[in-house]
Amino acid sequence: MIGTLFDAPRPRVAGIAALLVLAAVIALTAMADSTMQPVPASAPADRFSAERARAHLEKFATEPRPIGSAASARARTYLTSQLRAAGLDVEVQHAVGARSAAGLATFGQVDNIIARLPGTGSTGTVLIAAHYDSAAMGPGASDDAAAVAAMLETVRALRTGPRPRNDVVLLITDGEEDGVLGAEAFVREHPLGKAGGVLLNWEARGTGGPSLMFETTPGNARLVDTFAGAAPAPRGSSAMVQVYRLLPNNTDFTPLTRAGYTGMNFAYIQNSSHYHTATDTIANLNPGSLQHHGSTMLALTRALGGTDLRALDSGHDATYFRALGVMITYPGQLTWPLAVLALLAVAALALPARTRRLLTLPRLLVAAVSALLPLILSAALAQGLWALLATWRPAYDLMGGLLHHPRPYQAAVAALSAAAVLGWHLALRRALGSAATAIAGLLWLAALGLLCAWLAPGAAFLFTLPALLGALGWLAALLLRRAPGWSRMLLALAGPATAAMLLPALAGDVFDGMGLALAGVPALVLALFLLTAVPIADLFLTRSKRATVLAVPLTAVVLAAALAATGLATDGFDAEHPGRTHLAYVMDADTRTAHWVSADTDPAPWTSRYVTGRDTSALPPGYARGALRTGPAPAITTGAPRADVLAHRGTTLKLHVTPAKGARSVTLRLDQPITHVTATAGAFGSATAAVTGTRTGTWPSEIRLRGIPARGATFTVRTQGQDRIRLTVISETDGLPAVPGFVPRPADLVAATREDGDLTAVTRTYTLSRNA
């Protein structure tokens, strides 16, 4: 015979109770992982107050502050004056930062703010880092002005008590948005950049949510213990470290830790549709997120400021996560034993199930292999849903899946995962038995726990613990046949409840951080959770007919469609929740012809006023990058950039580039690959970047200098040594020109996050011949 792992006297009542328990666990986990309540300005002086920190934001975070802008200089003046008033030693580091990517060298004239509070008997440096520049598209109240304001309030509160034992240094970097340029210059040129110590870096990828500790350096066990013990409301998990390493993102944390700092990285990530846009404003900043950032910053600064920093390197990592509001940590050395134990527990469950003829080993093998199907299907359905949404509403694609009201769509993804898992279970339960499909789900979790123990140890707990507790719980419920039904039900829920604490929360974080464009990832996580709960479905289906095999998953699919329709109906665009569009003005100074340019695949009506076709042949040589729409524009009266060749021998090209008057940046594009670039910007010094590969969708090589001096900069470029090089110099000024007929963007649209949008670009092209 074949059968189920658990039978209840009143199965439907037991099933409802089980679902309510799992729903309660998910809800309580979400509530326990919320942010903090903001503290008013009337709070005691030694406490962090979000209201006091917000007052700083009103002074410097109301306008965009891209590197090299006048607004950046105004913010720098305010911040240095506040730090000096707080009694800190303050300096401004002037340097050129550098970063390279495939075919690209990026430079920036950076002004880092460094403030130092000497300790009474220092064992090292506690470095608190955030950046004060913003993306050019918005004021960056969250990214990253909130962290900078929190630093000012932290220093104020810290100064109300005894001076810390260790040196406390505040590093407020410039040029982070253009490639962590300020942090790169700090570690390359400043003595403190090479001194090492403990780093606390602060970021944001949204405008709300709890402050998550999402990244650490290796050997973090004592750091995690300090975080868990000192932070008033610690949030985050070691799994986030593993997920973040899969993403193509860097923060200032990366160059600082490569230079020898150990530390922790923090960010809040909810309401991410505002990220890098004009709506990243003080009004949209959740004050509870600011409070959480600052309370954690102050508590950790006090804790680390008073400890022996030389004893913090433990040599091994810790696994850490929250369960119903409690931070749980254990040594990384337990990862492998727990993973192996989980697999043994699943095997121990399978043996009595086989003895009691609830399954056969061949049927278990078929169930385990076939369980891959709902996992693949759930991810495919989620990605298919996103593809449909992006087709129906192309504006979503411009947002990168970071939508204003994503909850209905996220619920639709969950329904699709349920359809995939339930469809698989119902299709096979009669042929293989419910016990086989239930144990197969636990087997997959145990196998993933082993895989993570090998490749991503910090994430192994997500699968190991549900598999271990699930197998032990079901085993106990199976063996204790004479125990009361309610107690056996509680034992059986150990695994699903553990999974409910861990996996839906992870799916939510992935939704917040990565958006719907990668919906397949959280869908896969949700499908794994549902695999632990499939035996509960049997409590509703003890007398089900074959029609149920189609009806249940079909109902889930219909529910997903209804939720998606709800999302389309409710997630519109308005002044508070605007759509995005890309538009730039480009003028060829050689021919005095100008064009509007947009990379939008389906331009909004406002954008369509300016771009009417796809012909890019009239654009300046080398300007176009990727597929563009264009339209004619009136020429404006403005200066043009100039490139003066200082030397061109062999493989070396040296030239001085002068931007148009008022330009903040220049971009150089070359029609052949380059390998090294050195940029020299007067008193700011120079920096060198090694370049490999080539750019795609444009000329092979590109060089950028953000914050270029008015007198220009010198570039020494190593090329392949061809006799002739075509060079296009693009001088870039923030904002679109008020040319005749131009109508400003409506309130329900903001600039897209593409870096060449909302710019007035004036170009000049040169053909350079190598000297004999």
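This is a predicted model: local features need pLDDT of at least 70, side-chain atom pairs count only at pLDDT 80 or more; totals for chains, interfaces and linings use all residues.

**Strands, helices and cores**

Modeller: Eleven bridges join strand β21 (residues 724–734) to strand β23, and the two run antiparallel. One of these pairs sets Ile-725 against its bridge partner Leu-768 in β23.

Biologist: What makes β21 and β23 a pair of strands?

Modeller: Two strands pair if at least two bridges are found between them. Eleven bridges join β21 to β23, so the term pair applies under that criterion.

Biologist: Which strand pairs with β23 in the parallel sense, and over how many bridges?

Modeller: Strand β11 (residues 584–588) pairs with β23 in the parallel sense over four bridges. Within β23, Val-762 is the bridge partner of Met-587.

Biologist: Why is strand β23 called mostly covered?

Modeller: A residue is buried when its relative accessible area is under 20%. In β23 (residues 759–769), eight of the eleven residues are buried, and the strand is therefore described as mostly covered.

Biologist: How many residues of strand β20 are buried, and which strands pair with it?

Modeller: Five of the seven residues of β20 (residues 713–719) are buried. Strand β15 (residues 652–658) pairs with β20 in the antiparallel sense over six bridges, with Lys-654 opposite Thr-716. Strand β17 (residues 674–680) is also joined to β20 by six bridges and runs antiparallel to it; there, Thr-680 has Thr-714 as its bridge partner.

Biologist: Turning to helices, why are α12 and α15 called roughly antiparallel?

Modeller: The axes of α12 (residues 361–370) and α15 (residues 407–432) come within 11 Å and cross at roughly 170 degrees. Angles over 145 degrees count as roughly antiparallel, so α12 is roughly antiparallel to α15.

Biologist: Which residues make the contact between α12 and α15, and of what class are they?

Modeller: Helix α12 contributes Arg-363, Val-366, Ala-367 and Ser-370, while α15 contributes Trp-424, Leu-428, Ala-431 and Leu-432. By class, this contact has six nonpolar, one polar and one charged residues.

Biologist: How do you know that Ser-295 is buried?

Modeller: Its relative accessible area is 12%, and the cut-off for buried is under 20%, so Ser-295 is buried. Ser-295 is found in helix α10. Leaving aside neighbours within four places in sequence, Ser-295 is in contact with Met-36, Phe-48 and Pro-232.

Biologist: What covers the buried residues of helix α7?

Modeller: Helix α7 (residues 221–230) has Ala-221, Leu-223, Val-224, Thr-226 and Phe-227 buried. The elements covering its buried residues include helix α10 (287–305) and strands β5 (198–204), β6 (212–216), β7 (262–268), β8 (318–323) and β9 (326–331).

Biologist: Why is Asp-602 called partly exposed?

Modeller: The relative accessible area of Asp-602 is 48%; partly exposed lies between under 20% for buried and over 50% for exposed, so Asp-602 is partly exposed. Asp-602 is placed in the loop between β12 (593–598) and α22 (605–608).

Biologist: How many residues has the largest nonpolar core, and which of them have the most contacts inside it?

Modeller: The largest nonpolar core has 70 residues, and those with the most contacts inside it are Ile-439, Phe-461, Leu-462, Phe-463, Leu-503 and Leu-528. Helix α17 (residues 461–479) supplies the largest share of this core, eleven residues. Another core, of 60 residues, lies apart from it and includes Val-126, Ala-149, Ala-150 and Trp-202.

Technical notes: Residues are numbered from 1 along each chain as its sequence is written. Side-chain values use heavy atoms; hydrogens and water are left out. Axes are lines fitted to C-alpha atoms, for helices over the stretch in contact, and angles run from 0 to 180 degrees between N-to-C directions. Angles under 35 degrees count as roughly parallel, over 145 as roughly antiparallel, 65 to 115 as roughly perpendicular and the rest as oblique. Contact means heavy atoms within 4.5 Å. Ala, Val, Leu, Ile, Met, Phe, Trp, Tyr, Cys and Pro count as nonpolar, Asp, Glu, Lys and Arg as charged, and the others, Gly among them, as polar. Buried means under 20% relative accessible area, exposed over 50%, partly exposed in between (1.4 Å probe, protein chains only). A nonpolar core is a set of buried Ala, Val, Leu, Ile, Met, Phe, Trp, Tyr and Cys residues joined through side-chain atoms within 4.5 Å.
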